[in-house]
Amino acid sequence: MNPTKKRGIVALVVLVLVAVWAGISYATNTPPFKKPRGTIEAADLCPSLGQSQEAADILNRLLPYASSYRIPREEGTPRGAAPTDAHHTSSCTISGDGGRLLTLRTELASWSSEESWRKEVLDTTNGRRPEPFDAGRWAFTSTPEILRVGAVFSACLPDQDAGLSTSVELDRPAPADRLDDLRRLAGIAAEQAHEDARCTIPADTPEK
């Protein structure tokens, strides 16, 4: 084989390999064809987070990479106008690139103790090893080593000591240095829930 023909074959093989690599990179969204990260704006948030720019900024730091984020219509039953109505629920999810990333839930109910409330939240979210923090009447996050859950219990109505349970659950654990972000996000959601449910006592009212 003459040198010119040999160089032509080598060049052709290189071109084919480059084309294959580029195709795989594009299909798998890896450099140099990685799509820019999506951004969540305050106007995109579900009602459970209001239109808080702070919450949007936290989500942009807390959630894993996705080329776009989707926040579908919130589900739930808002509390009625009657003073005796003690029913209020809401549920909001955030997904990215086809997978669920975060679930936010709020429920108005009565729990006999902090332990019973915490156990129910942990059972619902599959959280582990709660660590308390200061918000509402009671609050905790799961251990920073597996940082997936942040929850706040807020006092709401004096009748039957009904309160609001607000939980934020990540489908994938966040880095330990995002602990303050998860706690603040749960706090923002709890504050919004306290307003939406038209609670008549402060969120941090001591247990009777």
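**Figure 1. Helix H3 and the lining of the largest pocket.** H3 gives the most to this lining, with five residues. The model is predicted: local features need pLDDT of at least 70, side-chain atom pairs count only at pLDDT 80 or more, and totals for chains, interfaces and linings use all residues. Numbering starts from 1 along each chain as its sequence is written, and side-chain values use heavy atoms, with hydrogens and water left out. The pocket holds about 190 Å³ of space. Two or more lining residues come from each of E3, E4, helix H3 (114-125) and strand E8 (162-174). Helices (H or I, at least four residues) and strands (E, at least two) are DSSP runs, numbered from the N terminus. In total, 13 residues line the largest pocket; Arg 105, Glu 107, Thr 124, Ser 165 and Ser 167 lie nearest its centre. A pocket is an open set of points on a 1 Å grid over the protein atoms alone, with protein on both sides within 12 Å along at least five of seven lines; a cavity is a set of points where a 1.4 Å probe fits but cannot get out; lining residues have an atom within 4 Å of a point. Points are joined across faces, edges and corners, and a volume is the space filled by probe spheres set on them. By class, the lining of the largest pocket has three nonpolar, seven polar and three charged residues. Here Ala, Val, Leu, Ile, Met, Phe, Trp, Tyr, Cys and Pro count as nonpolar, Asp, Glu, Lys and Arg as charged, and the others, Gly among them, as polar.

**Figure 2. The second largest pocket.** About 160 Å³ of space lies here. Of its 13 lining residues, Glu 74, Pro 78, His 88, Thr 89 and Ser 90 are the closest to its centre. Strand E2 (75-77), E3 and helix H4 (179-196) each give two or more residues to the lining. E2 gives the most, with three. The lining divides into three nonpolar, seven polar and three charged residues.

**Figure 3. Ser 90 in strand E3.** Ser 90 lies in E3. Ser 90 counts as buried because its relative accessibility is 10%; buried means under 20% relative accessible area, exposed over 50%, partly exposed in between (1.4 Å probe, protein chains only). The side chains of Ser 90 and Ser 48 are joined by a polar contact of 3.2 Å. Such a contact is a pair of N or O atoms within 3.5 Å; within protein, one must be able to donate a hydrogen and the other to accept it, and residues adjacent in sequence count only if both atoms are side-chain atoms. Beyond neighbours within four places in sequence, Ser 90 is in contact (heavy atoms within 4.5 Å) with residues including Glu 74, Gly 76, Leu 104 and Arg 105.

**Figure 4. Strand pairing around E3.** Two strands pair if DSSP finds at least two bridges between them. E3 and E4 are antiparallel, over eight bridges. Thr 93 has Thr 103 in E4 as its bridge partner. Two residues separate E3 from E4 in a hairpin, and Asp 97 in the turn has a positive phi of about 50°. E2 runs antiparallel to E3, joined by three bridges. Thr 77 is partnered with Thr 89 in E3. Strand E1 (residues 69-70) pairs with E3 in the antiparallel sense over two bridges. Tyr 69 stands opposite Gly 96 in E3.

**Figure 5. The largest cavity.** The volume of this cavity is about 30 Å³. Its lining comprises Cys 46, Leu 49, Cys 92, Ile 94, Leu 102, Leu 104, Val 168 and Leu 185. By class, these are eight nonpolar, no polar and no charged. Strand E3 (89-96) and strand E4 (99-109) each supply at least two of the lining residues.
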